[in-house]
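User: Please walk me through this structure in short questions and answers. Keep each answer brief and give the cut-offs.

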Amino acid sequence: MTRPKPASASPLTPRTKRPGDTADRIYRRLVEAILAGRFAAGEVLREAALARDWGVSRTPLREAVRRAAETGLVILRPNNAPLVCSLNRRDVASLYVLRENLELLALKLAWGSLQEQQEQLQTLQALAEQAQPGSHRDWPALCLQFDRELHSWWTEACANPWLESTLRRLARFLA
């Protein structure tokens, strides 16, 4: 009796890992490290050393660095290693002015749909109550969480993908 041959994997069969998964993971790790201050402003990013330290090849690391450059967190220089972006007070003030105006636009665009989202509004209200000074040991972290969720609420509801992606990119600088 012969056994049937196992079916070969169909090109339509989903794979457990996509080619860009490593680059996505490294990008998130790089952004997190920059925002957490593990890389100083103006610090040179040595690709070979980072790839070795993070246990990845240089290809996904280069892709992650390129994506971080698109957000403005990294500066790519021809024939030189990339640098972590350095912002001065004037840059930050300009970013806040831009964010303020773009968020007002997002809020105006989202206003009608926000009023219909009672469940989200109740969740935010409960989070705001938890974030009162002295109400909880971690109230500063709860305040930051409330702020992020509130801004995300109207950013997502504005129904303008260009505005949404711009605001998310700005939020990385001002987190």
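Analyst: A salt bridge is a side-chain nitrogen of Lys or Arg within 4 Å of a carboxyl oxygen of Asp or Glu. This is a predicted model, where local features need pLDDT of at least 70, side-chain atom pairs count only at pLDDT 80 or more, and totals for chains, interfaces and linings use all residues. Residues are numbered from 1 along each chain as its sequence is written, and side-chain values use heavy atoms, with hydrogens and water left out.

User: How many salt bridges does the structure hold?

Analyst: Side chains of opposite charge can pair when their charged atoms come close. By the criterion above, the number of salt bridges in the structure is 10.

User: How far apart are the closest N and O atoms in the salt bridge of Asp24 with Arg67?

Analyst: Asp24 and Arg67 form a salt bridge, with the closest N and O atoms 2.6 Å apart. The pair links distant parts of the chain: Asp24 is in helix 1 (residues 21–35) and Arg67 in helix 3 (residues 58–71), 43 residues apart. Helices are DSSP runs of H or I with at least four residues, strands are runs of E with at least two, and both are numbered from the N terminus. The N to O distance asked for is 2.6 Å.

User: Is Asp24 buried, partly exposed or exposed?

Analyst: Buried means under 20% relative accessible area, exposed means over 50%, and partly exposed lies in between (1.4 Å probe, protein chains only). Arg67, with a relative accessible area of 23%, is partly exposed. Asp24 has 23% relative accessibility, so Asp24 is partly exposed.

User: At what angle do helix 4 and helix 6 pack?

Analyst: Two packed helices are described by the angle between their axes and the distance between the axes. Axes are lines fitted to C-alpha atoms, for helices over the stretch in contact, and angles run from 0 to 180 degrees between N-to-C directions. The axes of helix 4 (residues 89–114) and helix 6 (residues 139–157) are 7 Å apart. The packing angle is about 70°.

User: How are helix 4 and helix 6 oriented to each other?

Analyst: Angles under 35 degrees count as roughly parallel, over 145 as roughly antiparallel, 65 to 115 as roughly perpendicular and the rest as oblique. Helix 4 and helix 6 are therefore roughly perpendicular.

User: Which residues of helix 6 meet helix 4?

Analyst: Contact means heavy atoms within 4.5 Å. Helix 4 contributes Arg99, Glu103, Ala106, Leu107, Ala110, Ser113 and Leu114. On the helix 6 side are His151, Trp153, Trp154 and Ala157.

User: At roughly what angle do the axes of helix 2 and helix 3 cross?

Analyst: The axes of helix 2 (residues 47–54) and helix 3 come within 9 Å. Helix 2 is therefore roughly perpendicular to helix 3. The contact is made by Glu47, Ala48, Leu50, Ala51 and Trp54 of helix 2 and Arg58, Leu61 and Arg62 of helix 3. The crossing angle is roughly 115°.

User: Which residues are linked with Glu47 in a network of salt bridges?

Analyst: Glu47 belongs to helix 2, and its partners to helix 3, in the contact of the two helices. The residues linked with Glu47 are Arg58 and Arg62.

User: Is Leu50 buried or exposed?

Analyst: Leu50 is found in helix 2. Leaving aside its neighbours within four places in sequence, Leu50 is in contact with Phe39, Leu45 and Leu61. Its relative accessibility is 8%, so Leu50 counts as buried.

User: Where does Asn79 lie?

Analyst: Most residues other than glycine have a negative phi, and most peptide bonds are trans. Phi of Asn79 is positive, near 60°. At a relative accessible area of 80%, Asn79 is exposed. Asn79 lies in the loop between strand 1 (74–77) and strand 2 (80–84).
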